[in-house]
Amino acid sequence: MSGFDTNPFADPVDVNPFQDPSVTQLTNPAQGTLEEFNPFSENARLTNPAQTTIPANQPNAPSQPAVLQPSVEPSPQSVAAAAQASLLQQQEELEKKAAELERKEREMQNMGVNVRQNNWPPLPPKCPIKPCFYQDFAADIPADYQQTCKMLYYLWMLHSVTLLLNLLACLAWFIAVPSSGVNFGLSILWFVLFTPCAFVCWYRPIYKAFKSDSSFNFFVFFFIFFCQIAIYIIQAIGFSSWGVSGWIAAIMLSSEHLGVAITMMVVAAFFTLCSVLSLVLLKKVHSMYRRTGASFQQAQAEFSQGVFSNRSVQNAAAGAASSAARNAFQPN
């Protein structure tokens with residue numbers, strides 16, 4: 001056995017501990033002695049491995065290549081379905097609000113609270129036709145606008161009286177000159193048509209504008225009332241075969257029928273008065289409008305809100321969205 005081949009009584013071999021390879025490796029480095037190493041030289045900075053910064057690896061966060069997510073565009077079917085769902089949701093919310101308002105109104109009626117009822121036009125209780133509008137200057141119109149609103153209401157009354165007088169003057173004209181029957185027929189049409197249209201188209205918008213400070217109603221009033229002033233001027237001039245007793249028609253008839261001509265001149269003076277008062281009130285309302293801070297953008301917003309909250313518009317939009325969705329899902 002190899003363990004017993006050596007002589008334990010032989011002299012031990014002299015072993016130099018400094019000849020150990022691990023010791024010689026440390027005492028004789030490959031870069032030379034410390035005296036030969038200059039840490040401030042350019043080569044030392046470039047070749048010294050101790051000065052080299054090695055970034056630490058992050059084993060917990062392995063690097064992965066960047067992957068671009070493909071853009072997914074919604075299909076027409078999904079867009080139509082989303083639009084239909086949104087419209088249906090809005091319709092449900094509006095129906096809930098309408099039901100809640102109706103419930104509160106019934107509760108108020110049961111509690112004995114007086115709900116405002118329409119009071120214009122003032123008709124007797126036994127009349128089968130009921131009032132169509134509610135009008136109360138003290139309750140609805142602010143104190144600063146009450147006088148102007150009342151003046152516009154009186155102007156509408158003067159407008160109605162003038163059209164009635166024009167009808168009577170055209171009747172007298174037709175009796176005196178049978179060939180002027182067209183003027184009498186048109187005067188009836190103007191009285192029947194322009195009397196309620198003036199109330200609905202320019203008086204009620206200005207009433208609502210003063211009541212709720214509505215920019216949209218202000219713009220409606222300005223547009224229609226400006227057209228009304230132009231009509232007053234045309235009626236005051238009195239062109240032939242227009243159904244009005246103006247200055248021209250009255251002067252042309254004065255040589256043959258003086259009494260009828262005087263009646264027509266009175267009507268022409270009423271038309272002139274209406275046009276002058278309308279210009280004055282239009283300027284006054286415009287100055288009030290400038291002080292309220294209303295704008296065209298607010299009018300657009302009010303119009304959009306009113307359109308989208310309309311039940312008929314909502315039903316039409318929901319039907320259009322439903323048909324579009326069905327057409328999108330159906331194969332060609």
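Cys170 is buried, with a relative accessible area of 0%, whereas Cys132 is exposed at 52%. Here buried means under 20% relative accessible area, exposed means over 50%, and partly exposed lies in between, using a 1.4 Å probe and protein chains only. A disulfide is a covalent bond between the sulfur atoms of two cysteines. Searching the whole structure turns up 0 disulfides, counted as pairs of cysteine sulfur atoms within 2.5 Å.

A word on the model itself: it is predicted, with local features needing pLDDT of at least 70 and side-chain atom pairs counting only at pLDDT 80 or more, while totals for chains, interfaces and linings use all residues. Residues are numbered from 1 along each chain as its sequence is written, and side-chain values use heavy atoms, leaving out hydrogens and water.

## Overall make-up

The protein has 11 helices and 0 strands; these are DSSP runs numbered from the N terminus, helices being H or I with at least four residues and strands E with at least two. Of its 332 residues, 27% count as buried.

## Helices H5 and H9

Let's turn to a helix pair. The axes of H5 (residues 143-176) and H9 (residues 258-292) come within 9 Å and cross at roughly 160°. That makes H5 roughly antiparallel to H9, a label for angles over 145 degrees, with under 35 being roughly parallel, 65 to 115 roughly perpendicular and the rest oblique. Axes are lines fitted to C-alpha atoms, for helices over the stretch in contact, and angles run from 0 to 180 degrees between N-to-C directions.

By class, the contact of H5 with H9 has 22 nonpolar, 7 polar and 2 charged residues. Nonpolar covers Ala, Val, Leu, Ile, Met, Phe, Trp, Tyr, Cys and Pro, charged covers Asp, Glu, Lys and Arg, and the others, Gly among them, are polar. Gly259 sits in H9 and is partly exposed, with a relative accessible area of 46%. Its C-alpha atom is separated by 9.9 Å from that of Trp173, 86 residues apart along the chain.

## Helix H7

Helix H7 (residues 215-237) has 23 residues and reaches 34 Å from its first C-alpha to its last, close to the 33 Å expected at 1.5 Å a residue. That expected span is 1.5 Å times one less than the number of residues. Just after H7, Gly238 takes a positive phi of about 80°.

The buried residues of H7 include Phe218, Phe221, Phe222, Phe225, Ile229 and Tyr232. An α-helix has 3.6 residues a turn, so residues three or four places apart point the same way.
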